[in-house]
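Please keep the sequence and the structure in view while reading.

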Amino acid sequence: MKKSESTKMKLLEASGRAFRKEGYSGIGVDSIAKDAGVTSGAFYAHLKSKNDAFRAALVAGLEDVLAALPEYRKKHGCQWPAAFADYYLGKGHRIDLEGGCAMTSLTPDVIRADPAVQTEYAELMSRIIKEIADQLPQAESAAEREAIAWAFLSTLIGGLTLSRAVGSGPAADQIARSSKAAALDAIGYSAG
(Lines give C-alpha, C1' and ligand atoms only; values in the text may rest on other atoms or scores of the structure.)
Protein backbone atom coordinates (compact mmCIF):
# COMPACT_ATOMS: atom_id res chain seq x y z
CA MET A 1 0.00 0.00 0.00
CA LYS A 2 1.34 3.42 -0.95
CA LYS A 3 1.97 5.94 1.79
CA SER A 4 -0.81 8.23 0.48
CA GLU A 5 -3.29 5.32 0.51
CA SER A 6 -2.19 4.39 4.01
CA THR A 7 -2.60 7.98 5.19
CA LYS A 8 -6.07 8.21 3.70
CA MET A 9 -7.06 4.89 5.33
CA LYS A 10 -5.83 6.15 8.71
CA LEU A 11 -7.81 9.36 8.26
CA LEU A 12 -10.98 7.48 7.30
CA GLU A 13 -10.67 5.17 10.31
CA ALA A 14 -9.99 8.10 12.66
CA SER A 15 -12.92 10.03 11.18
CA GLY A 16 -15.27 7.10 11.69
CA ARG A 17 -14.23 6.68 15.32
CA ALA A 18 -14.39 10.41 16.05
CA PHE A 19 -17.79 11.07 14.47
CA ARG A 20 -19.31 8.00 16.14
CA LYS A 21 -17.99 8.96 19.56
CA GLU A 22 -18.24 12.76 19.51
CA GLY A 23 -20.74 13.56 16.78
CA TYR A 24 -20.18 15.99 13.92
CA SER A 25 -20.14 19.14 16.02
CA GLY A 26 -18.10 17.54 18.81
CA ILE A 27 -14.95 16.95 16.80
CA GLY A 28 -12.64 19.05 14.66
CA VAL A 29 -10.28 18.42 11.80
CA ASP A 30 -7.21 18.87 14.01
CA SER A 31 -8.40 16.17 16.41
CA ILE A 32 -9.12 13.73 13.59
CA ALA A 33 -5.70 14.37 12.05
CA LYS A 34 -3.97 13.95 15.41
CA ASP A 35 -5.78 10.65 16.07
CA ALA A 36 -4.70 9.44 12.62
CA GLY A 37 -1.12 10.47 13.35
CA VAL A 38 -0.95 12.98 10.52
CA THR A 39 -1.02 16.73 10.09
CA SER A 40 -4.08 18.86 9.41
CA GLY A 41 -2.52 19.58 6.01
CA ALA A 42 -2.56 15.86 5.24
CA PHE A 43 -6.21 15.75 6.31
CA TYR A 44 -7.14 18.47 3.80
CA ALA A 45 -5.00 16.88 1.09
CA HIS A 46 -6.94 13.62 1.38
CA LEU A 47 -10.44 14.53 2.57
CA LYS A 48 -10.83 18.21 1.57
CA SER A 49 -13.26 19.14 4.38
CA LYS A 50 -14.86 17.99 7.61
CA ASN A 51 -18.07 17.39 5.64
CA ASP A 52 -16.23 15.13 3.19
CA ALA A 53 -14.71 13.23 6.12
CA PHE A 54 -18.17 12.76 7.65
CA ARG A 55 -19.61 11.59 4.35
CA ALA A 56 -16.76 9.10 3.89
CA ALA A 57 -17.15 7.79 7.45
CA LEU A 58 -20.90 7.43 6.96
CA VAL A 59 -20.55 5.59 3.66
CA ALA A 60 -17.88 3.26 5.07
CA GLY A 61 -20.02 2.53 8.13
CA LEU A 62 -23.14 1.72 6.13
CA GLU A 63 -21.16 -0.39 3.68
CA ASP A 64 -19.87 -2.34 6.69
CA VAL A 65 -23.49 -3.17 7.55
CA LEU A 66 -24.13 -4.25 3.96
CA ALA A 67 -21.12 -6.56 4.14
CA ALA A 68 -22.06 -7.94 7.56
CA LEU A 69 -25.63 -9.02 6.76
CA PRO A 70 -24.70 -11.80 4.28
CA GLU A 71 -22.03 -12.98 6.72
CA TYR A 72 -24.65 -13.31 9.47
CA ARG A 73 -26.84 -15.36 7.13
CA LYS A 74 -23.90 -17.52 6.07
CA LYS A 75 -22.77 -18.17 9.65
CA HIS A 76 -26.18 -18.50 11.36
CA GLY A 77 -28.51 -19.69 8.59
CA CYS A 78 -32.18 -19.13 9.37
CA GLN A 79 -31.18 -18.01 12.89
CA TRP A 80 -29.43 -14.90 11.50
CA PRO A 81 -32.09 -12.38 12.66
CA ALA A 82 -31.68 -13.42 16.30
CA ALA A 83 -27.89 -13.50 16.02
CA PHE A 84 -27.83 -10.05 14.42
CA ALA A 85 -30.19 -8.65 17.07
CA ASP A 86 -28.10 -10.22 19.84
CA TYR A 87 -24.98 -8.53 18.51
CA TYR A 88 -26.66 -5.24 17.70
CA LEU A 89 -28.29 -4.84 21.11
CA GLY A 90 -25.56 -6.62 23.05
CA LYS A 91 -23.69 -4.93 25.86
CA GLY A 92 -20.41 -4.83 23.95
CA HIS A 93 -21.97 -2.98 21.03
CA ARG A 94 -23.91 -0.70 23.36
CA ILE A 95 -20.78 0.59 25.08
CA ASP A 96 -18.56 0.79 21.97
CA LEU A 97 -19.42 4.20 20.59
CA GLU A 98 -16.22 4.52 18.56
CA GLY A 99 -16.59 1.16 16.88
CA GLY A 100 -20.37 0.94 16.95
CA CYS A 101 -22.76 0.94 14.06
CA ALA A 102 -22.99 4.00 11.85
CA MET A 103 -26.76 3.56 11.56
CA THR A 104 -27.22 4.47 15.21
CA SER A 105 -24.25 6.74 15.85
CA LEU A 106 -24.25 8.88 12.72
CA THR A 107 -27.93 9.17 11.81
CA PRO A 108 -28.59 12.13 14.15
CA ASP A 109 -25.87 14.09 12.32
CA VAL A 110 -27.26 13.09 8.92
CA ILE A 111 -30.44 14.92 9.89
CA ARG A 112 -28.43 18.15 9.93
CA ALA A 113 -26.16 17.29 6.99
CA ASP A 114 -26.32 18.75 3.51
CA PRO A 115 -28.83 17.29 1.03
CA ALA A 116 -26.15 15.36 -0.89
CA VAL A 117 -25.15 13.48 2.27
CA GLN A 118 -28.80 12.83 3.11
CA THR A 119 -29.42 11.46 -0.38
CA GLU A 120 -26.43 9.13 -0.19
CA TYR A 121 -27.55 7.99 3.28
CA ALA A 122 -31.06 7.27 2.00
CA GLU A 123 -29.68 5.24 -0.91
CA LEU A 124 -27.41 3.16 1.32
CA MET A 125 -30.13 2.58 3.91
CA SER A 126 -32.45 1.45 1.11
CA ARG A 127 -29.79 -1.07 0.03
CA ILE A 128 -29.55 -2.34 3.63
CA ILE A 129 -33.33 -2.68 3.79
CA LYS A 130 -33.40 -4.56 0.50
CA GLU A 131 -30.67 -6.90 1.79
CA ILE A 132 -32.85 -7.68 4.84
CA ALA A 133 -36.13 -7.77 2.89
CA ASP A 134 -34.78 -10.28 0.38
CA GLN A 135 -34.51 -12.76 3.28
CA LEU A 136 -38.14 -12.35 4.41
CA PRO A 137 -40.19 -14.84 2.39
CA GLN A 138 -43.40 -14.57 4.43
CA ALA A 139 -44.56 -11.35 2.74
CA GLU A 140 -46.09 -11.54 -0.71
CA SER A 141 -44.61 -8.46 -2.34
CA ALA A 142 -41.24 -6.72 -2.29
CA ALA A 143 -42.94 -3.61 -0.87
CA GLU A 144 -44.38 -5.62 2.04
CA ARG A 145 -41.00 -7.24 2.74
CA GLU A 146 -39.31 -3.83 2.72
CA ALA A 147 -41.91 -2.40 5.12
CA ILE A 148 -41.26 -5.32 7.47
CA ALA A 149 -37.49 -4.86 7.11
CA TRP A 150 -37.84 -1.16 8.03
CA ALA A 151 -39.78 -2.14 11.16
CA PHE A 152 -37.11 -4.69 12.12
CA LEU A 153 -34.19 -2.35 11.58
CA SER A 154 -35.87 0.72 13.06
CA THR A 155 -36.64 -1.22 16.22
CA LEU A 156 -33.02 -2.31 16.56
CA ILE A 157 -31.67 1.19 15.92
CA GLY A 158 -34.16 2.76 18.34
CA GLY A 159 -33.46 0.11 20.96
CA LEU A 160 -29.71 0.65 20.72
CA THR A 161 -30.14 4.42 20.93
CA LEU A 162 -32.37 4.23 24.01
CA SER A 163 -30.28 1.61 25.78
CA ARG A 164 -27.15 3.74 25.26
CA ALA A 165 -28.95 6.81 26.55
CA VAL A 166 -29.92 5.25 29.90
CA GLY A 167 -26.44 4.00 30.75
CA SER A 168 -25.31 0.49 31.52
CA GLY A 169 -27.76 -0.50 34.26
CA PRO A 170 -30.82 -2.73 34.35
CA ALA A 171 -32.90 -0.31 32.26
CA ALA A 172 -30.47 -0.67 29.35
CA ASP A 173 -30.70 -4.45 29.55
CA GLN A 174 -34.49 -4.32 29.66
CA ILE A 175 -34.64 -1.99 26.66
CA ALA A 176 -32.32 -4.33 24.75
CA ARG A 177 -34.41 -7.42 25.56
CA SER A 178 -37.68 -5.68 24.71
CA SER A 179 -36.30 -4.23 21.49
CA LYS A 180 -34.95 -7.58 20.37
CA ALA A 181 -38.33 -9.24 20.98
CA ALA A 182 -40.17 -6.45 19.13
CA ALA A 183 -37.72 -6.50 16.20
CA LEU A 184 -38.00 -10.26 15.78
CA ASP A 185 -41.77 -10.08 16.13
CA ALA A 186 -41.87 -7.43 13.38
CA ILE A 187 -40.40 -9.93 10.91
CA GLY A 188 -42.47 -12.83 12.18
CA TYR A 189 -39.46 -14.59 13.59
CA SER A 190 -40.02 -17.08 16.35
CA ALA A 191 -37.02 -17.35 18.66
CA GLY A 192 -38.37 -20.71 19.68
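**Briefing on the model**

K48 is located in the loop that lies between α3 (40-47) and α4. The model is a predicted one.

- The phi angle of K48 is near 70°, which is a positive value in a residue other than glycine.
- Most residues other than glycine have a negative phi.
- K48 counts as exposed because its relative accessibility is 54%, and the cut-off for exposed is over 50%.

- S15 is part of helix α1, and R73 is part of helix α4.
- S15 has a relative accessibility of 0% and therefore counts as buried, since buried means under 20%.
- Leaving aside residues up to four places away in sequence, S15 touches I32, F43, L47, A53 and A57.
- R73 has a relative accessible area of 15%, so R73 is buried as well.
- With residues up to four places away in sequence again left out, R73 touches W80, E131 and Q135.

**The largest pocket**

- Rolling a probe the size of a water molecule over the atoms shows where empty space is left.
- The volume of the largest pocket is about 410 Å³.
- Its lining consists of 26 residues, and those nearest the centre of the pocket are R20, A60, G61, D64 and V65.
- Four helices, namely α1 (3-22), α4 (50-76), α5 (80-89) and α7 (102-105), each contribute at least two residues to the lining of the largest pocket.
- Among the contributors, α4 gives the most, with eleven residues in the lining of the largest pocket.
- Sorted by class, the lining of the largest pocket comprises 14 nonpolar residues, seven charged residues and five polar residues.

- How many disulfides does the structure hold? The number is zero.
- Is C78 buried or exposed? C78 counts as exposed because its relative accessibility is 62%.
- C101, by contrast, has a relative accessible area of 10% and is therefore buried.

**Points to locate in the structure**

- Helix α4 contains R73, and α4 also supplies eleven residues to the lining of the largest pocket.
- Helix α1 contains S15, and α1 also supplies at least two residues to that lining.
- The loop with K48 runs between α3 and α4.

Note on methods: Residues are numbered from 1 along each chain as its sequence is written. This is a predicted model: local features need pLDDT of at least 70, side-chain atom pairs count only at pLDDT 80 or more; totals for chains, interfaces and linings use all residues. Side-chain values use heavy atoms; hydrogens and water are left out. On a 1 Å grid over the protein atoms alone, a cavity is a set of points where a 1.4 Å probe fits but cannot get out, and a pocket is an open set with protein on both sides within 12 Å along at least five of seven lines; lining residues have an atom within 4 Å of a point. Grid points are joined across faces, edges and corners, and a volume is the space filled by probe spheres set on the points. Ala, Val, Leu, Ile, Met, Phe, Trp, Tyr, Cys and Pro count as nonpolar, Asp, Glu, Lys and Arg as charged, and the others, Gly among them, as polar. A disulfide is a pair of cysteine sulfur atoms within 2.5 Å. Buried means under 20% relative accessible area, exposed over 50%, partly exposed in between (1.4 Å probe, protein chains only). Contact means heavy atoms within 4.5 Å.
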